[in-house]
Amino acid sequence: MDAFDTYTARQRHFAAAAAAHARRAEHLSRARVAAFGVAFVIGVLAAERGSDALWVGAAAAVAGFVVLIALHRRERRAGEWQQRLARANELGLMRLERRWRELPVLLPPTGPAAERAAEDLDVFGVPALTQLLGPLATPGARARVGGWLVEPDPPAAIPERQEAVRALAAENDWRDELAAHALGATDVSADEIESFAEWAGSESWLASRPLLRWVARLLPLATIGLIVAQLTGAVGAMWWILPLMVAAVLTFGAAGRRAHAVFERAFARQGVLAQYPALLAHAARVPGDAARLRVLRAQLHGNGVAAHDELRRLERLMRLSELRYNGNLHGIVQLLTLWDFHVLDRLEAWQARNGTHVRAWLDAAAEIEGIASLATLAHDQPAWTFAVIDASLDRLQARALGHPMLRDGIRICNDVEVGPPGTLLLVTGSNMSGKSTLLRAIGTNVMLAQAGAPVCAAALSLPPLEPWSSVRIHDSLTEGVSLFLAELQRMRDIVDAARAGGERRLLYLLDEMLHGTNTAERRVAARTVIEHLLRQGAIGVVTTHDLELASEPALQWRASLVHFTEHVERGPHGPEMSFDYILRPGLATSTNALTLLEIVGLSSA
């Protein structure tokens with residue numbers, strides 16, 4: 001069964017289960033109302049007649065009402081869970097059908113590399129390459145995958161991630177459940193996560209005040225002991241007022257305000273505690289024996305105890321701290337027991353035990369979700385492959401490379417070789433023939449490869465590369481930048497990056513260079529830029545309509561020439577043009593601008 005059939009079957013199964021739970025919840029809701037009505041009627045009759053039997057019946061009806069509330073809540077939660085599972089598979093169908101407007105959007109990270117990837121290569125935004133990945137609901141996972149794409153890890157880390165992606169590609173049940181947990185955590189922001197992690201790693205307040213801790217432990221014993229002593233006649237005076245006054249000073253003074261400030265800081269991000277324990281529990285059960293997955297599983301048990309268990313303990317402490325919102329009850333309990341200080345003591349004990357591990361837990365969960373997202377792509381596209389990235393290689397070689405954002409059946413794939421240093425791939429061809437699509441296919445697949453994801457190719461090998469592109473360049477009215485100047489600034493940035501060097505070889509992808517000026521000057525400027533890049537050892541692809549650029553003496557022996565072409569047939573209604581998008585060796589032999597002019601009805605005839 002292919003991915004489409006798998007998603008269809010699973011989406012229908014989970015949607016049907018959600019509907020069944022919804023029906024049962026509706027029945028239980030009605031039964032709950034009925035039980036309440038029965039309890040009320042029997043209670044009224046019992047009060048009128050003074051019958052013990054009726055009181056027993058009323059109590060039984062109330063008990064039934066309470067049970068029905070619990071069952072109704074359970075059915076609603078189960079229905080919501082099934083709905084999220086159905087949603088995860090519905091997203092799978094959207095990805096396969098390339099329904100871009102309905103898919104979640106991954107915003108680009110900050111920085112010029114991400115901006116270029118979004119603008120030139122359609123990696124972020126709508127439509128975007130990242131919309132083909134599995135659901136990325138949590139802020140940490142979105143940031144992690146965005147970073148993998150635009151700022152890849154060292155080449156040595158990529159095979160480990162590829163192994164982990166392969167291991168999770170077939171784990172449909174586990175990935176669906178992870179997506180369902182993550183989809184339930186979408187209202188927790190990156191700032192909330194960071195604030196929580198900062199608090200967990202901060203210094204304790206009460207622990208550094210041992211005298212206050214002992215007072216908080218002993219004073220309630222004295223208060224309650226003296227109250228009991230007076231009630232039993234052991235003492236005649238109300239000595240318990242003295243420790244109660246001390247408790248009041250602690251409660252309403254600086255110490256009490258500081259305790260509440262710690263609670264506010266620790267528990268202001270309640271979404272973390274409400275939604276992340278279940279997510280971390282599922283992440284800790286990640287299947288597979290891949291080396292990276294084993295490391296991440298261990299990371300979720302940083303202090304020998306499962307991260308989700310510790311977060312649930314913290315959630316219970318949060319519930320205990322919320323007594324401070326119950327005005328009268330809190331005042332009585334606090335003065336008698338110094339409740340807030342005991343909860344704070346337990347909170348700081350949790351912090352001391354787990355504070356240094358919290359960030360590692362969140363990072364591990366984010367990485368697992370990111371790997372699962374890439375694994376979803378591998379599941380959706382079983383014919384794609386994983387790239388070989390080797391620093392000893394001097395060129396990019398691809399067999400049957402295609403644009404990953406095009407659907408199966410529409411996509412045309414081509415063999416491509418870019419490099420070695422000192423050479424360039426020069427692509428010529430007429431309008432709409434596929435030149436820009438080829439550039440984006442190369443760029444997006446390089447980014448997928450270096451993220452550890454499968455690539456849209458039968459085979460791909462490459463050295464570590466740093467993609468730089470110039471595909472969509474815009475002028476700026478507000479900044480007074482013309483189109484030509486904007487193009488020149490991008491070319492300068494690319495040449496500067498090539499000169500600066502780095503661990504990754506620069507890969508340039510230049511579409512119709514410097515088309516914001518006249519032909520003669522464009523040819524000279526383009527040749528100058530290309531010569532700079534060739535001298536710096538960069539490898540890359542240049543597309544152009546300018547067939548004479550290939551005949552430049554400085555480029556003739558360095559350029560590997562390939563081209564796209566079109567097919568024109570004249571029918572009774574004029575010319576009809578088609579493209580096969582197949583890359584052929586050599587220089588383009590035709591142009592189509594005048595034919596296109598005729599097709600749209602603007603010919604001179």
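In which sense do strand 4 and strand 9 pair, and over how many bridges? In this predicted model, strand 4 (residues 424–428) and strand 9 (residues 559–563) run in the parallel sense and are joined over 5 bridges. Within this pair, L425 stands opposite S560 of strand 9. Strand 9 also pairs with strand 12 (residues 584–585), this time in the antiparallel sense and over 2 bridges. Here H563 has R584 of strand 12 as its bridge partner. As background, the strands of a sheet pair through backbone hydrogen bonds, and the pairing may be parallel or antiparallel.

Strand 2 (residues 396–401) and strand 5 (residues 459–462) run antiparallel and are joined by 3 bridges, with R399 opposite A459 of strand 5. Strand 2 also holds A400, which has a positive phi of about 55° although it is not a glycine. A400 counts as partly exposed because its relative accessibility is 27%, a value that falls between the 20% and 50% limits.

After helix 8 comes G233, with a positive phi near 85°.

Another helix contact involves helix 7 (residues 190–200) and helix 16 (residues 358–380), whose axes come within 8 Å and cross at roughly 150°. Helix 7 contributes I193, E194, F196, A197, E198 and A200 to the contact, while helix 16 contributes V358, R359 and L362. Sorted by class, these comprise 6 nonpolar and 3 charged residues, with no polar ones.

Two residues in other helices can be followed one at a time. T6 lies in helix 1 (residues 3–49) and counts as buried because its relative accessibility is 9%, under the 20% limit. Apart from neighbours within four places in sequence, T6 is in contact with M1, N172 and H379. Q82, in helix 2 (residues 52–97), is also buried, with a relative accessible area of 15%. Setting aside residues up to four places away in sequence, Q82 touches F14, A17, A18 and H21.

Finally, the loops hold some backbone details. Where do cis peptide bonds occur? One joins V126 and P127, with omega about -15°, and P127 belongs to the loop between helix 3 (112–120) and helix 4 (139–150). Another joins G419 and P420, with omega about 10°, and P420 is placed in the loop between strand 3 and strand 4. In the loop between helix 2 and helix 3 lies R98, which has a positive phi near 55° without being a glycine. At 8% relative accessibility, R98 counts as buried.

Technical notes. Residues are numbered from 1 along each chain as its sequence is written. This is a predicted model: local features need pLDDT of at least 70, side-chain atom pairs count only at pLDDT 80 or more; totals for chains, interfaces and linings use all residues. Side-chain values use heavy atoms; hydrogens and water are left out. Axes are lines fitted to C-alpha atoms, for helices over the stretch in contact, and angles run from 0 to 180 degrees between N-to-C directions. Helices (H or I, at least four residues) and strands (E, at least two) are DSSP runs, numbered from the N terminus. Contact means heavy atoms within 4.5 Å. Ala, Val, Leu, Ile, Met, Phe, Trp, Tyr, Cys and Pro count as nonpolar, Asp, Glu, Lys and Arg as charged, and the others, Gly among them, as polar. Two strands pair if DSSP finds at least two bridges between them. Buried means under 20% relative accessible area, exposed over 50%, partly exposed in between (1.4 Å probe, protein chains only).
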